[in-house]
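Hello,

Here is the structure I promised to pass on to you. Have a look at it first, and then read my notes below.

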Amino acid sequence: MKKQAEAVSVAPNGTQISKGTNILLNILFVIIAIICIYPLILVLMVSLTDEMTIITNGYSVFPKQFSLTAYQYIFENIMTVVRAYGVSILTTLVGGLLGLIIMAMYAYPLARDDFKYRSPFNVICVITMLFSGGLVPTYMVFVKVLGLKDNILALILAQLFSAFYVMIIRTFFKTNVPKSLIEAAQIDGAGEYFTFFRIVLPLAKPALATVLMFSMLNYWNDWYFPLLYITSPDKYNLQYLMYQMQTKIASLITASSAGATIDISSIPSETARMAMAIVAIGPIVLAYPFFQKYFEKGITLGATKE
Amino acid sequence: MSSKSNTKIEVAKTQTVKSSIASKKNITLISMLVPGLIVMLLNNYMPMFGLVFAFRKMDTVQKLFGSGWNGLKNFEYLFSSNAAWKITRNTIGYNVVFILIGLVLPVFMAICLNELRNKKAAKVYQSLFFIPYFLSWVVISYVVFGLLSNEYGALNRIIQMFGGEKVSWYSKPEAWPFILVVVNTWKWTGYDTIVYLSAVCGVNQELFEAASVDGATRLQQIFYITIPSLVPLAIVLVLLRLGRMFYTDMGLFYSVPRNTGVLQDVTNTIDTYVYRAFTATGNIGLSAAAGFYQAILGLVVILTFNAIVRKFDPDSAII
């Protein structure tokens, strides 16, 4: 009996699927993978297609005639794109980093068992997850009270703080930063801020990186808050510029040339839109390996609670 | 703690020293909370007071504080129209479908990915599945338009290739419940799969070995070991989503259908309704009332489901 059991545990077949099933699953996954990337490839190929080919043949992954006119057109209006990129980068970096510091500073006292007022401040934070004022009151506060209409600060403030991320960071502090280390630092006379910035934060890098990635992605992909708050074209971020181009291809034309009459029909509108989408996806593709590394590590943090 | 009288005094001394240190410590720790408190005040708490707008008479933003109380008129108007029923139906309907698909499909995919014998390929698949999650709703709107556009869309091209007639998708409301579900599934399945996959990988391997020694097939192992071990995570995720049951993504319901009027019967949710009432028609009171309705329903739902879960499995409750 014992021998038999050993034989089974040595040969891993009992805990693996059969070869046939493995092949079937692989086929299934290849199909799903194609479904995941096909639309993107379509956008890329359309952006590289000749405008006339689109008009006669429609969008296709295998265009009959390639052309770079769409990118040429975007390049001609590069200032608009550069400015939009600038707004996106600014909100993403400032909002992401500032928000991370604020959230980590809020999470730290909540993770400390010896902090007397832990639970009331925890409740204050949790309530924001359960209940919200909604669109109209929030808009009123931003515009009427803070005067942030058509101000990039509105885009930053709107996504600066998330109770959910605070909970993720707090949980990580609690489980991965040894209490003894904090106590030892205090016995050595280190102040709370010193302990926090020099000892706790470096130890919490995985959680902080994950939250930073999540929130930076949210900032980068934000089109809704510009829709609410931003009115002047020079403050559009990349996503909102694209949103505008969806209906008005001329949104891309820089303010300087806007005075001149533009022959809209000369714009390669179908392909230029798709080229713009590729331009906007660019940085995400570059950041993708980093994203993936931290997301996979940290994604489970999001699902675990206290 | 050896001799009595002396140590008593010392203990008392250290206690007062300790308590003054403690109060100083608490103050320093509170100072760390201040930036977060300010942001929450601006983003969350001040708007909560703004919920009274729902009970005010307001035609324009300018007359905000000048106009008087309106009692429940805004709500009466909201519920007397057909809109309240439609947006509630759409919001709940889509979310229920999203939650179900978001549970079954990712769990299935995570288990299958974990079963693959070629681990390298599994990694590659995982990276590809993850891509849609990174795309903004505006980019996804472009992608959907590229597929469905009336004149040039890839889907119509394929239909024509097989001898069919062009379909103008953006004026065909009956197709959109399906389209929205597909688009949402496309965006989120990869992400959810990875969340579940990390839990699948965390299952104790010895359990499988023991089961295989006892003669369990791999399929039996999946049903009796893998799936049960995913239940706690699934409960937390479903609960979080149920709590958002009355909220929908503006990107999916506003940007992807390109704010098309004919489609509103099936694409209008509470969020898009609030937005349109506010910006397009400028009916602030009505918009605020709908927002209030959403906030209350959302709160009731999350507290109810949390209480139910707490009863059966206290560890999985989120509050």
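**Where the two chains meet**

The contact between the chains draws on 77 residues of chain A and 78 residues of chain B. Please keep in mind that this is a predicted model.

Which parts of chain A face chain B? Seen from chain A, at least two residues each come from α1 (2-10), α2 (19-47), α5 (78-111), α6 (118-130), α7 (135-145), α14 (238-247) and α16 (269-303). The biggest giver is α2(A), which gives the most to this side, with 13 residues. By type, the side of chain A that touches chain B has 51 nonpolar, 18 polar and eight charged residues.

**Inside chain A**

Chain A itself is divided into domain 1 (2-70) and domain 2 (72-303). Where these domains touch, 10 residues of domain 1 are in contact with 11 residues of domain 2. On the domain 1 side, the elements giving two or more residues are α2, α3 (51-57) and α4 (69-76) of chain A. Here too α2(A) gives the most, with four residues. The domain 1 side of this contact is made of six nonpolar residues, three polar and one charged.

**Two helices of chain B**

Two packed helices are described by the angle between their axes and the distance between the axes. The residues of the contact of α3(B) with α7(B) are 18 nonpolar, six polar and one charged.

**Two residues to look up in a loop**

Most residues other than glycine have a negative phi. Now find the loop between α10 (250-255) and α11 (264-267) of chain B, where Arg258(B) sits. Arg258(B) is not a glycine, yet has a positive phi of about 55°. Asn259(B) is found in that loop between α10 and α11 of chain B as well, and has a positive phi of about 50° although it is not a glycine either.

Are these residues buried, exposed or partly exposed? Arg258(B) has 16 other C-beta atoms within 10 Å, so it is partly exposed. For Asn259(B) the count is 17 other C-beta atoms within 10 Å, and this residue is partly exposed too.

Enjoy exploring, and write back with any questions!

Best wishes

Technical notes
Residues are numbered from 1 along each chain as its sequence is written. Chains are lettered from A and ligands numbered from 1 in the order in which they are written. This is a predicted model: local features need pLDDT of at least 70, side-chain atom pairs count only at pLDDT 80 or more; totals for chains, interfaces and linings use all residues. Two residues are in contact if their C-beta atoms, placed from the backbone, lie within 7 Å. Ala, Val, Leu, Ile, Met, Phe, Trp, Tyr, Cys and Pro count as nonpolar, Asp, Glu, Lys and Arg as charged, and the others, Gly among them, as polar. Domain bounds come from an automatic or database domain assignment. A residue is buried if 20 or more other C-beta atoms lie within 10 Å of its own, exposed if 12 or fewer, and partly exposed in between; C-beta atoms are placed from the backbone.
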